[in-house]
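Me: I would like to learn how to read the features of a model such as this one, beginning with a pair of facing residues. Could you take me through it step by step?

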Amino acid sequence: MKYLEDFTVGQVFTYPPRTVSEDEIIAFAREYDPQPFHLDKEAAKQSLFGGLCASGWHTAGMMMRMLVDNMIGKYASMGSPGVDQLRWVKPVFPGDTLQLSGEVLEVRPSQSKPDRGVITSRYEMKNQKGETVLTMQAKGMYGRRPAQG
Amino acid sequence: MAAGRRKAKTMQYFEDIHPGSAREIGNHTFSEDAIIAFARQFDPQPFHIDPAAAKRSAFGGIIASGWHTAATVMRMIVDSAIEVEASLGSPGFDDLAWLKPVRPGDTIRARMTCIDKTPSRSRPGIGSARFLIEAFNQNDELVMRYTSIGIMRFRNPA
């Protein structure tokens, strides 16, 4: 298990790529974001996006899964206070392969709770063409390494 | 999820959006099964998927992924506030805070308040608006808030 102390400012994380299918895009959108350009191929062709594309919240969820599987899950995660900024820069289409990278901007032990602290990180997700599809600056709360005893 | 009855939509085209106006956009009760199912797929941390581990965590029990809360509120926005003919999607959001845990059995209601709106300078007939989105639990505690940005068409482009 890793702790707050194991993060350093400037530390870079890279994540394994992941391909998203049309079925996944439609299944998520049916439940959480049923707009025509996330659900219906024909309607999506007429939209500004030019084709069926993933709900931005789905893209965010896929990013979260990449983070949990490859980073957060190895640390003493205590959840997240929030997201400073998230931008859906380009649409994510069926068959796109998404790759995330992240950098630690700040590591700050809590003033009031000595067992934890918060890191601020900047993330960028690209598609297989190298185009940025999503950027995010977000916070994560982590436990501090317990005292040896 | 249960979508609930579709409500009359009043925030449709750019002209229909009025800064300062607020409206309730729906409510939803979170079951433990739904919390675990979402988290297994998108946020499989122990305090979202494993009741025993969650009990030992700082949260004291299973809580919903913050992304689950956000996606559920998105569904409320789509069902109550977005006119499909007018909506052109969203470039993103700012200042999202997960302020309190959402637990199994909690009923979350959401409110949407228009902050401001701006016609596009480069694309006639299109504008953007910012909305404060707030989600409250059954005790009226604010559990999540963020500022969303929406892009929409004018009903009557000049």
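Me: Which residue stands opposite Gln85(A)?

Reply: Gln85(A) stands opposite Asp94(B), which lies in strand E2(B). Two strands are said to pair if DSSP finds at least two bridges between them, and strands (E, at least two residues), like helices (H or I, at least four), are DSSP runs numbered from the N terminus.

Me: Before we go on, how should I take the numbering and the origin of the coordinates?

Reply: Residues are numbered from 1 along each chain as its sequence is written, while chains are lettered from A and ligands numbered from 1 in the order in which they are written. This is a predicted model, in which local features need pLDDT of at least 70 and side-chain atom pairs count only at pLDDT 80 or more, whereas totals for chains, interfaces and linings use all residues.

Me: What confidence does the predictor give to the complex and to chain B?

Reply: The complex has an ipTM of 0.96 and a pTM of 0.95. pLDDT is the predictor's confidence in each residue, from 0 to 100; chain B averages 92, and 93% of its residues score at least 70. Over residues 1-6 of chain B, however, the pLDDT is below 50, and this stretch has ten contacts in the model beyond near neighbours in sequence. Where pLDDT is low, the predicted coordinates should not be read in detail.

Me: At what angle do the axes of H4(A) and H4(B) cross?

Reply: Axes are lines fitted to C-alpha atoms, for helices over the stretch in contact, and angles run from 0 to 180 degrees between N-to-C directions. The axes of H4(A) (residues 56-70) and H4(B) (residues 66-81) come within 10 Å and cross at roughly 170°. That makes the two helices roughly antiparallel, since angles under 35 degrees count as roughly parallel, over 145 as roughly antiparallel, 65 to 115 as roughly perpendicular and the rest as oblique. Trp57(A), Ala60(A), Gly61(A) and Met64(A) there meet Trp67(B), Ala70(B), Ala71(B) and Met74(B), a contact with seven nonpolar, one polar and no charged residues.

Me: Which strands pair within chain B?

Reply: E1(B) (residues 22-29) and E3(B) (residues 107-119) run antiparallel, joined by seven bridges, with Arg23(B) opposite Met112(B). E3(B) is also joined by ten bridges to E4(B) (residues 126-136), again antiparallel, and Asp116(B) stands opposite Arg130(B). In the hairpin of E3(B) and E4(B), six residues lie between the strands, and Gly125(B) takes a positive phi near 90°.

Me: Is His38(A) buried or exposed?

Reply: A residue is buried if 20 or more other C-beta atoms lie within 10 Å of its own, exposed if 12 or fewer, and partly exposed in between. His38(A), in helix H2 (residues 36-39) of chain A, counts as buried because it has 27 C-beta neighbours inside 10 Å.

Technical notes: Contact = placed C-beta atoms within 7 Å. Nonpolar A, V, L, I, M, F, W, Y, C, P; charged D, E, K, R; others polar.
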